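Reader: I am new to this structure. Please show it to me, then let me ask a few things.

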Amino acid sequence: MTSDAMASRLAAFLSDALDLGAHEVRELERLSGGASRETFAFDLVPTGGGDALPLVVQRVRGASVMASASMVGEADLLTAAAERGVAVAGVVAASDDPDVLDGPFIVMRRIEGETLARRILRDETYTEARSVLVSECAEALAGIHALPVEVAPHLRSVDPVDQLVSLLDALGEPHPAFEIALGWLTANRPGSTATCVVHGDFRLGNLMVGPDGLRAVLDWELAHLGDPMEDLGWLCVRAWRFGEPLPVAGLGTYDELFGAYEKASGAPIDPDAVRWWEVLGTLRWGVICILQASSHLSGAARSVELAAIGRRVVENEYDVLRLLGVGPPHASATAAGTGTGTAAGIGTAAGFDAGPHDAPTAPQLVESVREFLERDVMDATSGRVRFHARVAAKVLATVERELAAGPAMAAAHRARLDLLGFADDAALAAAIRSGALADRSDEVSALVFATVADKLAIANPGYA
């Protein structure tokens with residue numbers, strides 16, 4: 001659908017739904033959004049002239065499997081949350097009819113503020129906000145968890161471990177590191193503290209923040225019924241720290257979050273239960289990364305951003321193994337040729353066999369395109385295009401590293417599989433899940449970690 005067609009349809013829908021008379025949609029602009037929804041900012045203006053109403057519309061991507069079951073139900077949930085004092089964007093209208101805008105959608109009032117986590121965590125503008133955000137997040141979560149489940153009849157409860165197993169199996173990507181985590185989660189499952197409305201994606205990036213603190217909790221598409229500790233564990237997942245060392249969204253400590261939540265909710269916190277949900281959340285984000293990349297690979301939503309997310313899976317493999325106390329392999333394993341396969345000269349074209357092809361080599365060609373994106377395209381663009389140019393440059397840097405060190409790493413990975421007696425990762429993952437390697441768990445974990453470390457050296461060498 002073109003921008004003009006979308007603006008026309010949206011104006012007609014809102015004029016009718018809100019009984020406003022003739023209005024026009026102006027300044028329709030696509031914003032950087034999530035994998036399952038597209039977000040647009042626009043102004044709703046009376047046709048005959050008058051004050052503009054600044055709004056936002058979120059539309060479900062055509063083939064999304066991550067979206068809420070009902071946009072109308074989500075609108076009702078947001079309205080109930082607002083009535084009970086939770087900071088949310090005011091709902092204007094919603095529709096589950098895919099024919100209006102080529103997908104279900106929700107329209108909300110546009111709130112001024114910042115959602116980019118790196119700015120919130122680093123810019124001087126948000127110094128005061130950073131001092132209060134942990135407590136304000138705890139208060140918002142307590143308010144969400146206190147919502148009567150009756151206000152959200154469209155929400156469902158699912159077993160979180162079974163859900164991840166089903167998703168992994170459906171996606172068809174074997175990940176031995178994730179199988180180790182699934183075994184731990186199954187063996188250490190805590191008792192449920194309660195069943196309540198869970199936001200499902202409460203983290204920086206989904207919070208609108210002003211210089212004074214939290215202004216709105218956004219993106220309720222993954223809301224469901226579950227254990228309130230799930231939201232706390234998710235907020236502590238390393239991915240949502242965006243490079244900052246503090247464990248709660250890069251903003252504060254576990255004790256600060258737990259104390260503020262207990263004060264706001266009146267419910268005690270079991271740190272071990274939150275840790276279990278942090279492990280599950282780390283695994284969950286890894287599976288979501290696979291799912292998002294599959295949207296690109298299947299052609300459902302072609303996007304360099306979604307493609308790049310596929311190479312972030314390894315970050316979660318690394319994080320979940322470290323959370324479980326798994327570290328680098330023993331010296332004996334490295335001596336046997338099964339340690340990390342990182343090669344000297346990683347990130348360069350050193351040792352690359354160009355065969356019969358002329359200069360520049362494949363790594364040098366990739367390098368030239370990356371530099372073009374970094375030096376020319378990013379300087380000449382802004383907004384979503386600039387962001388995607390930055391993502392594309394990082395993708396090309398990953399390809400450069402893989403061209404340089406990939407063969408050595410592949411050989412090292414083959415040696416590890418041979419040591420364990422498996423033909424491929426799929427067979428190894430299946431054996432871990434079945435429990436067939438329980439008596440070799442330390443060896444298996446160490447060798448799996450070695451492969452994860454190699455993958456991370458290609459995908460994001462500074463992450464570890």
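Predicted model: local features only at pLDDT ≥ 70, side-chain atom pairs only at ≥ 80, totals over all residues.

Reader: How many residues of helix α12 are buried?

Author: Helices are DSSP runs of H or I, at least four residues, numbered from the N terminus. Buried means under 20% relative accessible area, with a 1.4 Å probe and protein chains only. Helix α12 spans residues 313-323 and is largely enclosed by the rest of the structure, because the buried residues number 9 of the 11.

Reader: Which helices are included in what covers the buried residues of α12?

Author: The buried residues of α12 include Val313, Glu317 and Leu321. Contact means heavy atoms within 4.5 Å. The cover includes α7, α10, α11 and α17.

Reader: Which side chain makes a polar contact with that of arginine 416?

Author: Arginine 416 is found in helix α15, residues 383-420. Arginine 416 counts as buried because its relative accessibility is 2%. At 2.7 Å, its side chain makes a polar contact with the side chain of threonine 451.

A polar contact is a pair of N or O atoms within 3.5 Å; within protein, one must be able to donate a hydrogen and the other to accept it, and residues adjacent in sequence count only if both atoms are side-chain atoms.

Reader: How many disulfides does the count come to?

Author: A disulfide is a pair of cysteine sulfur atoms within 2.5 Å. By this rule the count is 0 disulfides.

How values were computed: Residues numbered from 1 in each chain as written. Heavy atoms only, no water. Helix = DSSP H or I, 4+ residues; strand = E, 2+ residues; numbered from the N terminus. Buried < 20%, exposed > 50% of the residue type's maximum accessible area, 1.4 Å probe, protein only.
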